[in-house]
Amino acid sequence: MVKVSTPRTSWDTYRDIEVSFKVNGREVKVRVKPYERLIDVLRNKLGLLSVKEGCGRGECGACVVIMNGKLIPTCLTLAVRAEGSEILTLEGIAPEGKLHAIQKALLDTYSMQCGFCFPGVIMASKYLLDKNPDPTEDEIRDALDGNLCRCGSYLRFIKAVKLASRYIREGKIFFDESEVLR
Ligand code: FES
Ligand code: FES
């Protein structure tokens, strides 16, 4: 009897590619597989654990970061696409020991429940406020419509973004952690 062997493929046969980019102001170089997702590289190779995986298919907003000035879902982005880019994650939005106005406003409005969606909500809010420091309620709703919160904090997020907008317009962008987290 003739034995037919089917060709075998293995993901590990792909060669690593070196990718260089800037994350939170720091130059990094990482070796990645061509199929590796940016979320896995940020979390597992660079230790940026604020980047959360919720749905893994671009629907929940938990994994978003700002790359080259655009809000992108890292679960749908290949790591090789990061070559030469500048990425901002939650870890980089405020200097050491400080909280960004959006973080302070989320605490002030008691929006925090489990907190899983927070990194994505904060990055989407920052993306909005960087472009439009005085958004209307409809603009805030539009900006956050890609962020799912299983705890249902949506109305508080709107309040928080309005409050953060006020802080920012008053020039209060960063707050001391010791002043906020009592
Ligand atoms: S994990 Fe990326 S959008 Fe949900
Ligand atoms: S606070 Fe729990 S998912 Fe949003």
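Student: Okay, is asparagine 68 buried or exposed?
Tutor: Asparagine 68 is exposed, because its relative accessible area is 52% and the cut-off for exposed is over 50%. Keep in mind that this is a predicted model.

Student: And where does asparagine 68 sit?
Tutor: In the loop between β3 (64-67) and β4 (70-73). Asparagine 68 also has a positive phi, about 50°, although it isn't a glycine.

Student: What about tyrosine 110, what's its phi like?
Tutor: Phi of tyrosine 110 is positive too, near 55°, and this residue is not a glycine either. You'll find tyrosine 110 in the loop between α2 (101-108) and α3 (118-131).

Student: Buried or exposed, that tyrosine 110?
Tutor: Tyrosine 110 is exposed, with a relative accessible area of 64%.

Student: Switching topic: how many disulfides are there?
Tutor: The structure holds 0 disulfides.

Student: So what are cysteine 114 and cysteine 117 like, buried or exposed?
Tutor: Cysteine 114 is exposed at 56% relative accessibility, whereas cysteine 117 is buried at 9%.

Student: Now pockets. What's the volume of the largest pocket?
Tutor: The largest pocket has a volume of about 180 Å³.

Student: Which residues line it?
Tutor: The lining of the largest pocket includes Leu90, Glu91, Gly92, Ile93 and Ala94. Gln103 and Glu177 are also among the lining residues.

Student: How many of the lining residues are nonpolar, polar or charged?
Tutor: The lining of the largest pocket divides into 5 nonpolar, 3 polar and 4 charged residues.

Definitions and conventions: Residues are numbered from 1 along each chain as its sequence is written. Chains are lettered from A and ligands numbered from 1 in the order in which they are written. This is a predicted model: local features need pLDDT of at least 70, side-chain atom pairs count only at pLDDT 80 or more; totals for chains, interfaces and linings use all residues. Side-chain values use heavy atoms; hydrogens and water are left out. Helices (H or I, at least four residues) and strands (E, at least two) are DSSP runs, numbered from the N terminus. Buried means under 20% relative accessible area, exposed over 50%, partly exposed in between (1.4 Å probe, protein chains only). On a 1 Å grid over the protein atoms alone, a cavity is a set of points where a 1.4 Å probe fits but cannot get out, and a pocket is an open set with protein on both sides within 12 Å along at least five of seven lines; lining residues have an atom within 4 Å of a point. Grid points are joined across faces, edges and corners, and a volume is the space filled by probe spheres set on the points. Ala, Val, Leu, Ile, Met, Phe, Trp, Tyr, Cys and Pro count as nonpolar, Asp, Glu, Lys and Arg as charged, and the others, Gly among them, as polar. A disulfide is a pair of cysteine sulfur atoms within 2.5 Å.
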